[in-house]
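Here are some notes for a first look. Please keep the sequence and the model open while you read.

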Amino acid sequence: MASESRLYTFSADTEEKLRNFRLGTSRAKSPQAVVYQIDKHTLEIAQADDTIYSNVQELGDELPDHSPRFILLSYPLTLPSGRLSVPYVLLYYLPVTCNAELRMLYAGAKELMRNTAEVGKVIEIAEAEDLETIEKKLGGAA
């Protein structure tokens, strides 16, 4: 395991929530997302609140303007071939206005979060408005 696994931590409760979210959304009929943040003092990665967002617009409204977040997103979509797919991805929300300390904090934990959450892909977004084009980024039929 890399050095970030010794620096950042997940509680057993958080690991269980990650697993349950991944397994529980694999057949979802609507988008589902949860937001994770890093505690600057303990360096623990934990769910920001207990909200499971089913609307990406609502999720975008809740994201802070100056602080990064990790967002786990399960997004059902129809592929151009007509097949249904439910990609499970990590959105790495990194606003351009956040300070260098927070940028480094989240950059150091990105791969650990990716591996622990067992997502298939990481998509970086710089502003909440980027969520409006998420289906296109995931490869769905527009």
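1. Tyr36 stands opposite Gln47 in β2. Three bridges join β1 to strand β2 (residues 45-47), and the two run antiparallel. Two strands count as paired if DSSP finds at least two bridges between them.

2. A word on the basis. This is a predicted model; local features need pLDDT of at least 70, side-chain atom pairs count only at pLDDT 80 or more, and totals for chains, interfaces and linings use all residues. Residues are numbered from 1 along each chain as its sequence is written, and side-chain values use heavy atoms, with hydrogens and water left out.

3. Look at the turn of that hairpin. Six residues lie between the strands β1 and β2, and Leu43 takes a positive phi near 60° there. Leu43 is not a glycine, yet its phi is positive. Is Leu43 buried or exposed? At 17% relative accessibility, Leu43 counts as buried. The classes are buried at under 20% relative accessible area, exposed at over 50%, and partly exposed in between, with a 1.4 Å probe and protein chains only.

4. Now the other neighbour of β1. Five bridges join β1 to strand β3 (residues 69-74), again in an antiparallel arrangement. Ala33 has Leu73 as its bridge partner in β3. Why is strand β1 (residues 32-38) described as largely enclosed by the rest of the structure? Because five of its seven residues are buried. In a regular strand the side chains alternate between the two faces of the sheet.

5. Strand β6 (residues 88-93) and strand β7 (residues 121-125) are joined by five bridges and run parallel. Val89 stands opposite Lys121 in β7. Between the two strands the chain passes through helix α4 (residues 100-117), and this β-α-β crossover is right-handed. The term means that, with the strands pointing away from the viewer, the path from the first strand over the helix to the second runs clockwise.

6. Where is the kink in α4 centred? On Lys110, with a value of about 40°. The bend at a residue is the angle between axes fitted to the seven residues ending there and the seven starting there. Lys110 is also one of the buried residues of α4, a list that includes Leu102, Leu105, Tyr106 and Met113.

7. Check both ends of α4. At its start, a side-chain oxygen of Asn99 comes to within 3.1 Å of the backbone nitrogen of Glu101. After the helix comes Glu118, with a positive phi near 60°. Glu118 is a residue other than glycine, and it lies in the loop between α4 and β7.

8. The side chains of Arg22 and Glu118 meet in a salt bridge, 3.5 Å from N to O. Arg22 lies in helix α2 and Glu118 in the loop between α4 and β7, so the pair ties together parts that are 96 residues apart in sequence. Arg22 is partly exposed at 23% relative accessible area. Glu118 is partly exposed too, at 48%. A salt bridge here is a side-chain nitrogen of Lys or Arg within 4 Å of a carboxyl oxygen of Asp or Glu.

9. How many salt bridges does a search of the whole structure find? Five. Among them, Glu111 pairs with Arg114, the closest N and O atoms being 3.9 Å apart. Both lie in helix α4, three residues apart, about one turn of the helix. Glu111 is partly exposed at 36% relative accessibility, and Arg114 is partly exposed at 27%. Salt bridges that share partners also join Asp13, Lys17 and Asp50 into one network.

10. Last, a pair within that network. Lys17 forms a salt bridge with Asp13, at 3.8 Å between the closest N and O atoms. Both lie in helix α2 (residues 12-24), four residues apart. An α-helix has 3.6 residues a turn, so residues three or four places apart point the same way. Lys17 is partly exposed at 30% relative accessibility, and Asp13 is partly exposed at 48%.

Methods. Polar contact = N/O pair within 3.5 Å; in protein donor to acceptor, adjacent residues only side chain to side chain.
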